[in-house]
Protein chains: 2
Amino acid sequence: MPSEFELIARHFTRAPPAGGAVLLGVGDDCALLTPPAGEALAVSTDMLVEGRHFFPGTDPEALGHKALAVNLSDLAAMGARPLGFTLALALPAADEDWVAAFARGLLALADTHAIPLVGGDTTRGPLNLCISVFGSVAPAQALRRDGARPGDEIWVSGELGAARLAVETLNGNADFGALPDAAALRLHRPQPRLGLGLALRGIASAAIDVSDGLLGDLAHILERSGVSAVVDADAVPAGSALASLDRPRRQAFALNGGDDYELCFTAPAGRHQQVIAAAGEAGVPVTRIGRILHGSGLQVVDATGQPLAVASRSFDHFAEP
Amino acid sequence: MPSEFELIARHFTRAPPAGGAVLLGVGDDCALLTPPAGEALAVSTDMLVEGRHFFPGTDPEALGHKALAVNLSDLAAMGARPLGFTLALALPAADEDWVAAFARGLLALADTHAIPLVGGDTTRGPLNLCISVFGSVAPAQALRRDGARPGDEIWVSGELGAARLAVETLNGNADFGALPDAAALRLHRPQPRLGLGLALRGIASAAIDVSDGLLGDLAHILERSGVSAVVDADAVPAGSALASLDRPRRQAFALNGGDDYELCFTAPAGRHQQVIAAAGEAGVPVTRIGRILHGSGLQVVDATGQPLAVASRSFDHFAEP
């Protein structure tokens with residue numbers, strides 16, 4: 001059986017790219033990174049647990065992609081340019097095929113964005129993936145959660161809800177029939193919106209990535225910014241994979257589905273055209289879904305302005321089912 | 001039962017210290033850190049798994065201390081000044097007493113070194129702690145593993161082997177009787193040698209922290225530096241808790257025990273007095289234990305220069321027991 005050190009060396013070690021921000025990569029007590037002069041280092045950590053964040057037996061290549069993607073999504077939501085990442089991995093056994101496939105998925109996404117793996121840890125234990133990502137952004141341009149102001153428009157990228165349909169189907173919920181490919185792809189291969197995050201610097205006033213569900217995530221912006229909002233549920237772009245669902249269910253998945261990894265952001269109404277241009281530059285569609293108001297709370301209305309009774313409910317890992 | 005967000009807010013949220021390197025702490029998509037001008041960011045990640053890195057039922061306050069200490073030890077081994085850390089935590093249940101005690105131990109050590117918690121993640125799952133630490137160091141002063149040169153002296157801080165005695169005792173190995181307090185303290189409350197790491201900048205040529213066992217960790221320096229070494233086993237400072245053991249066992253624990261979190265480092269012989277002065281400044285004893293040579297490999301001798309047959313064996317998480 002290959003050792004811990006052999007497994008890491010064989011599947012994860014690569015030479016760091018020359019001339020990048022990585023002075024020292026895998027193989028020392030620490031990695032050394034240098035953000036560009038005048039920029040701050042943006043840091044985020046996410047932990048993925050089998051049976052909680054992914055189904056037992058999930059294809060390891062898809063899992064490698066997703067574990068990195070959800071972390072990069074946090075950099076995107078900050079408007080940060082990725083510099084590198086670390087991986088800590090607990091594995092029930094040194095299953096080389098599994099590790100090889102996982103590394104393939106992980107490193108393929110890393111290569112797409114030219115982000116080196118700079119360090120990590122491997123141990124035996126119940127399957128657990130903990131990734132920390134590092135990026136850089138000028139402090140004044142960072143897309144924080146606390147910058148939304150009354151009058152700002154609320155936007156969301158891409159489409160929402162398809163990943164939730166995939167989860168329901170995989171959970172054996174008989175209401176939904178076979179799993180549409182588009183929904184499976186959204187669940188297993190989310191694409192972090194890094195280009196959009198970069199393009200929105202200096203334009204968006206606040207941003208967050210949609211991981212727990214649109215309304216719950218937007219609520220974090222509202223709370224941190226000390227504002228309220230009205231959202232037009234009929235404007236929220238539901239994934240085409242949801243076309244066969246009835247309207248209440250389609251809206252529920254789009255508004256509260258989770259696992260979308262799109263960006264929800266706000267921008268002054270005067271920058272409407274700049275937002276459209278930034279999205280065009282990044283090649284990602286964006287949709288205006290509401291407006292920031294004074295006060296607190298979040299109101300959901302339909303296209304005619306009638307209030308809808310839609311509970312905002314972020315996913316809570318300790319909530320009773 | 002408290003929710004994930006409530007648990008985090010109640011026990012882990014603190015205002016970041018004013019004027020420090022932390023521009024933005026817990027509560028956004030990313031934290032923002034600024035290393036001092038001209039310094040690189042040093043990053044390290046360690047994952048601790050129940051039953052692998054600590055005994056099931058370990059006192060959570062001690063565990064909080066240790067989880068951060070072993071990560072800070074990596075910054076110490078790089079000569080980096082700590083700036084902040086993230087914590088990702090998988091818990092079998094939202095046990096508030098456990099979380100409160102864990103946070104106490106963790107934050108007490110963080111306060112000792114004035115290091116803010118800047119972000120993280122909490123989820124339900126088999127107990128798993130993943131910490132990433134961030135520090136800063138001027139690239140030319142970083143204590144890398146690849147700087148050892150033939151003629152350099154090899155040093156180690158503090159005493160070695162006591163933590164291994166504690167592990168053997170707690171594993172029920174009847175050879176060792178009751179657990180000495182000093183050994184328990186070494187296992188449960190290691191003190192990262194941050195002050196020594198800082199004092200050795202510009203003096204030491206290479207450094208590593210002793211986590212897997214002195215000889216195995218020293219071997220990483222040798223390999224990365226392309227050199228060999230001779231170590232005097234009789235010079236290696238065995239912990240006073242090992243005084244009652246016979247000599248072979250005492251030496252085995254000191255040379256290959258693991259979990260010591262002391263620094264093993266090299267420095268040119270001409271800097272011998274500077275090393276002594278740096279250790280005095282840091283208030284940590286250091287002992288010269290050998291010398292770097294040309295070639296490859298690691299030879300262990302006794303005080304008379306006779307070779308000893310001591311296997312270097314780093315801890316491998318996937319090795320058969």
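How many residues of domain 1 of chain A are in contact with domain 2 of chain A? Before selecting anything, note that this is a predicted model in which local features need pLDDT of at least 70 and side-chain atom pairs count only at pLDDT 80 or more, while totals for chains, interfaces and linings use all residues. Residues are numbered from 1 along each chain as its sequence is written, chains are lettered from A and ligands numbered from 1 in the order in which they are written, and side-chain values use heavy atoms, with hydrogens and water left out.

Start by selecting residues 4-140 of chain A as domain 1 and 143-301 as domain 2, bounds that come from an automatic or database domain assignment. Their C-alpha centres lie 25 Å apart, and 22 residues of domain 1 of chain A are in contact with 22 residues of domain 2 of chain A, contact meaning heavy atoms within 4.5 Å.

Next, select helices H2 (residues 60-76) and H3 (residues 96-112) of chain A, whose axes are 6 Å apart and which pack at an angle of about 40°. Among the H2(A) residues that meet H3(A) are Leu68(A) and Leu72(A), and the H3(A) side includes Trp98(A) and Phe102(A).

Finally, show both chains: a rotation of 180° with 0.0 Å of shift along its axis superposes chain A on chain B, with RMSD 0.0 Å, and the two copies are thus related as by a two-fold rotation axis. The superposition is by least squares on the C-alpha atoms of residues with pLDDT of at least 70 in both. Because 100% of the interface residues of chain A are also interface residues in chain B, the copies meet through the same surface.

Technical notes
Axes are lines fitted to C-alpha atoms, for helices over the stretch in contact, and angles run from 0 to 180 degrees between N-to-C directions. Helices (H or I, at least four residues) and strands (E, at least two) are DSSP runs, numbered from the N terminus.
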